[in-house]
Amino acid sequence: MEGHHNYFAYDYLVHNCNVAASGTASAFATSALGLSAFTPPGALAAGAVFLGSSVGYEYIANSYPAQAIYNWAFNKSQGEGDSAASGEGVNPKSSNQMQKEVERGQAPKTIERVDKGVDRPGLTEKPHIHLDDGSAINNDGTWKHGGRALTEAEKQWILKSGWKLPQ
Amino acid sequence: MDFEVWMETTPMNKKETTVTEWVMAFRKGTSFWKNSVHIDEFLGKKGQSEVYFHKSFPLLLEVIDRSNEVGLTQEYNLCLSFYLKDSVSLDVSMPCIPDLWNDFSHTPPELSLIEKPVREERETVECYENPISLSQLDRNNILGSHKESIAAYYSCWRSKDEENEDASEYQRIIVIEYRSK
């Protein structure tokens with residue numbers, strides 16, 4: 001090791017720690033929302049079992065995230081309209097998934113690439129989308145670079161991916 | 001041209017910047033690139049990974065010099081990040097340095113101004129870091145005059161399942177960091 005590396009205490013660091021992963025919910029139940037009959041988008045396709053009655057509804061989801069179902073149901077119960085309008089309730093895609101869509105031509109042509117977030121000591125970036133005009137937008141809807149009005153296609157793709165639009 | 005005028009009148013995709021513009025604008029708090037710029041944005045065009053790699057060192061040197069001139073390095077550390085392809089497990093083997101660009105991800109290298117003293121530990125599931133000799137990366141010794149203030153390291157980590165990232169994938173990066181003494 002060269003002497004100048006000692007300048008940073010973290011230079012030689014090897015650590016491992018185990019954190020219990022929180023997976024998707026194996027069961028989700030709600031009976032207090034007082035909703036009319038509804039089916040969360042994708043819930044049945046994801047293997048959920050629908051056990052509704054006129055008063056309460058119970059979902060047993062094998063793989064559909066409970067939080068997504070809850071968000072969708074909550075928005076409906078609050079009269080906030082379809083969750084697709086805000087991006088909430090949509091299971092957020094990873095930057096890798098979105099980048100693959102870009103590479104397959106499944107994203108708007110104006111999307112240049114999707115970069116991963118970085119979460120290292122002292123070096124933090126949010127996952128972000130680079131647009132073809134040089135602007136870049138973070139997954140929380142803040143602008144990383146520049147900023148402009150998004151096209152309808154860009155908005156729909158971002159919302160469909162579960163990311164947020166700029167305010 | 002005044003930076004604000006240039007920013008208002010130049011189409012976004014023509015806004016390839018110079019180091020001086022970026023540093024001065026950042027100093028004034030008006031930079032729309034904020035604290036980081038990818039190498040392709042400095043070059044104003046898309047290039048090959050190998051070109052990005054070789055252009056990175058003189059650009060970092062210029063950022064160091066300009067930032068020192070305007071006093072930015074008293075408040076900020078400067079980082080050059082090479083984003084590498086993901087791995088499926090904790091990769092503790094060092095990347096192949098001589099042709100590192102073959103291991104680049106789709107994200108071009110990036111220069112960042114990192115506010116001091118932001119160096120708190122981030123919560124990661126697994127992490128590996130190991131120093132790299134600067135001379136291995138900077139074989140033309142472009143950064144030689146600053147080497148006492150520069151460290152380079154390789155890192156591989158898996159983040160917690162947040163920020164929309166895939167928790168099953170391990171990110172890999174090489175960082176060259178400058179800190180003024």
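Tutor: pLDDT is the predictor's confidence in each residue, on a scale from 0 to 100. This is a predicted model: local features need pLDDT of at least 70, side-chain atom pairs count only at pLDDT 80 or more, and totals for chains, interfaces and linings use all residues. Residues are numbered from 1 along each chain as its sequence is written, and chains are lettered from A and ligands numbered from 1 in the order in which they are written.

Student: What is the mean pLDDT of chain A?

Tutor: For chain A the mean is 61. Of its residues, 46% reach 70 or more.

Student: Which elements of chain A have the lowest and the highest mean pLDDT?

Tutor: Elements are helices (H or I, at least four residues) and strands (E, at least two), taken as DSSP runs and numbered from the N terminus. Strand β1 (residues 13-16) of chain A is lowest, with a mean of 28. Helix α3 (residues 152-160) of chain A is highest, at 96. Over residues 1-85 of chain A the pLDDT is below 50. That stretch still has 103 contacts in the model beyond near neighbours in sequence, a contact being two C-beta atoms, placed from the backbone, within 7 Å. Where pLDDT is low, the predicted coordinates should not be read in detail.

Student: How many helices and strands are in chain A?

Tutor: Chain A has three helices and 10 strands. From the N terminus on, their order is β-β-β-β-α-α-β-β-β-β-β-β-α. Chain B has five helices and six strands, running α-α-β-α-α-β-β-β-α-β-β from its N terminus.

Student: Why is A:Arg113 called buried?

Tutor: Buried means 20 or more other C-beta atoms within 10 Å of the residue's own; exposed means 12 or fewer, and partly exposed lies in between. A:Arg113 has 21 C-beta neighbours inside 10 Å, so A:Arg113 counts as buried. This residue lies in strand β5 (residues 111-115) of chain A. Leaving aside neighbours within four places in sequence, A:Arg113 is in contact with A:Gln99, A:Val102, A:His130 and B:His106.

Student: Is B:Val88 buried or exposed, and why?

Tutor: B:Val88 has 8 C-beta neighbours inside 10 Å, so B:Val88 counts as exposed. B:Val88 sits in the loop between β2 and β3 of chain B. B:Val88 and B:Arg158 are 70 residues apart in sequence, yet 9.7 Å apart in space, C-alpha to C-alpha.

Student: And what of B:Asn141: buried or exposed?

Tutor: Its count is 11 C-beta neighbours inside 10 Å, so B:Asn141 is exposed. B:Asn141 is in the loop between α5 (134-137) and β5 of chain B. Its phi is positive, about 55°, although B:Asn141 is not a glycine.

Student: What puts the buried residues of α2(B) on the same side?

Tutor: In α2(B), the buried residues are B:Val19, B:Trp22, B:Val23 and B:Phe26. They cover an arc of only 95° around the axis, which puts them on the same side of α2(B). The arc is that of the directions from the helix axis to the C-beta atoms. They pack against β1 (36-38), α3, α4 and β3 of chain B. Just after α2(B), B:Gly29 takes a positive phi of about 75°.

Student: How do you know that the buried residues of α2(A) line one face?

Tutor: Helix α2 (residues 95-103) of chain A has A:Ser95, A:Met98 and A:Gln99 buried. Seen down the axis, they fall within an arc of 100°, so they line one face of α2(A). Their cover includes β5 of chain A. A:Gly105 follows α2(A), with a positive phi near 75°.

Student: How many residues has the largest nonpolar core?

Tutor: A nonpolar core is a set of buried Ala, Val, Leu, Ile, Met, Phe, Trp, Tyr and Cys residues joined through C-beta atoms within 7 Å. The largest has 40 residues. B:Leu60, B:Val63 and B:Leu78 are among those with the most contacts inside it. Elements giving two or more residues to this core include α2 (19-28), α4 (49-69) and β2 (76-87) of chain B. β2(B) gives the most, with seven residues. Not counting residues up to four places away in sequence, B:Leu60 touches B:Leu78, B:Leu80, B:Leu111, B:Leu143 and B:Ile176. A second, separate core of 11 residues includes A:Ala107, A:Leu131, A:Ala136 and A:Ile158.
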